[in-house]
Amino acid sequence: MKAYSMTKGMIQMTIEEIWDYYREDFILAEERIKETFNTVAPAISIVGKHLFMGGGKRIRPFLAILCSKIFGYSSERVSTLACSVESIHTASLLHDDVVDGANTRRGRPSAHSLWGNQVVILVGDFLYSNALRLANSLKNQKIMDALTNATTGMSEGELIQLSKKGDPHITEEDYMRIITGKTAILMSAACGGGAVLGSATQKQEEALFGFGLKLGQAFQIADDILDYMAEEKILGKNLGKDLEEGKITLPLIYLLRDASHDEVEKVKSIITSESFPISDLIYILGLLNKYMSIKKSYEKANNILREAKKELDIFEDSTEKSSLLTISDYVLKREK
């Protein structure tokens, strides 16, 4: 591992250098996560192994680690929080793939396409309940409240999204409500939970809860933008997959707001049709470019990220603060 000074002052590191710098902390958390799948039910172990082979940055547990270490706090309790947060996230992915009928996840077969809906739903239920069991073991009501609120909010977000499926009249406010529940509220719990473990002041806790919420909102906007830009070999995303599933995300909301009447009517007919030929996707991609809907979506995400970064002004310069700022930038700079 490279050597970096831990004295006061900001150190500029790349995202890869940050993962490397905190590797030991992250390995401890990841080992705890893997332990979750060692149960008497073979299906849990099998599905768990499949999920971990899928990779991913595991940004949520990492946020929990950083937001505790910004106060100089480090113990097995952080690994417990990180495991709880990642278990909730993983459970939500399992259930989402079943709801969406998704056959792939990060370019690999989705769990339910291999083992069926019944097994995968039950494994997801196990992960949710075990995550809350782990959270309860921390004996901290603030953390327990944050994680139970997160699981409730995530379910609400998914249900709102389902109710808006294929609805061309969805508003930007509807969309923000959906992504706050789907993504942002759990990132907020990860950051705020780390602060609670680190014995933060009330203002410091509020700052990190707020940072995580805004970071999560920007993260999901960026993820939705990638659906119209990503190469499957890079991100495991099918181009236009959200649109095909009837998910109206921010780029399309902006397009429906800015396009001409005839263009809007054409887009609406595509959204509400049962078939989805490649020609329809090409047409919409052309309009997204014409009206700079992707650029406007990035601007929205960037504005939210600026607000997230301001939440960190309360903290003195440190390696952890610098790392959180770098992760914020990474949200919008992932491979396209």
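Predicted model: local features only at pLDDT ≥ 70, side-chain atom pairs only at ≥ 80, totals over all residues.
Reader: Why is S328 called buried?

Author: Buried means under 20% relative accessible area. S328 has 0% relative accessibility, so it counts as buried. You will find S328 in helix α17, and its contacts include F211, L215, L305 and K309, leaving aside residues up to four places away in sequence.

Reader: What makes α17 a mostly covered helix?

Author: Here the cut-off is again under 20% for each residue. Of the 15 residues in α17, 13 are buried, and that makes the helix mostly covered.

Reader: How do you know that the length of α17 agrees with its number of residues?

Author: The expected span is 1.5 Å times one less than the number of residues. For the 15 residues of α17 (residues 319-333) that gives 21 Å, and the end C-alpha atoms are 21 Å apart, so the two agree.

Reader: And how do you know that for helix α8?

Author: By the same reasoning, the 23 residues of α8 (residues 141-163) should span 33 Å, and the end C-alpha atoms are 33 Å apart, so this helix agrees as well. Some residues of α8 are buried, among them I143, L147, G157 and Q161. The buried residues of α8 pack against α5 (76-100), α7 (117-137), α9 and α10.

Reader: Why is M187 called buried?

Author: The limit is under 20%, and M187 has 0% relative accessibility, so it counts as buried. M187 sits in helix α9 and touches I59, R60, L63, G212, L215, G216 and F219, not counting residues up to four places away in sequence.

Reader: Why is S199 called exposed?

Author: Exposed means over 50% relative accessible area. S199 has 64%, so it is exposed. S199 belongs to the loop between α9 and α10.

Reader: What is the phi of S199?

Author: It is near 60°, a positive value in a residue other than glycine. Most residues other than glycine have a negative phi.

Reader: What makes M292 partly exposed?

Author: M292 has 46% relative accessibility, so it counts as partly exposed. M292 lies in the loop between α15 (278-290) and α16 (293-310). M292 also has a positive phi, about 55°, although it is not a glycine.

Reader: Which residues touch the most other members of the largest nonpolar core?

Author: Members of such a core must be buried and joined through side-chain atoms within 4.5 Å. The largest core has 100 residues, and L63, L147, L208, I221, L252, L255 and L324 touch the most other members. The element that gives the most to this core is α9, with twelve residues. As for I221, its contacts beyond four places in sequence include Y175, M176, L250 and I304.

Reader: How many cavities of 30 Å³ or more are there?

Author: A cavity is a space where a 1.4 Å probe fits but cannot get out. A search of the whole structure finds two of 30 Å³ or more. The largest cavity holds about 100 Å³ of space. Among its 14 lining residues, Q161, Y175, I178, I248 and T249 are the closest to its centre. Two or more lining residues come from each of α9 (172-197) and α10 (202-226), and α9 gives the largest share, four residues.

Reader: What kinds of residue make up the lining of the largest cavity?

Author: The lining divides into five nonpolar, four polar and five charged residues.

Notes. Residues numbered from 1 in each chain as written. Heavy atoms only, no water. 1 Å grid on protein atoms, 1.4 Å probe; cavity = no way out; pocket = protein on both sides within 12 Å on 5 of 7 lines; lining within 4 Å. Points joined across faces, edges and corners; volume = space filled by probe spheres on them. Nonpolar A, V, L, I, M, F, W, Y, C, P; charged D, E, K, R; others polar. Buried < 20%, exposed > 50% of the residue type's maximum accessible area, 1.4 Å probe, protein only. Contact = heavy atoms within 4.5 Å.
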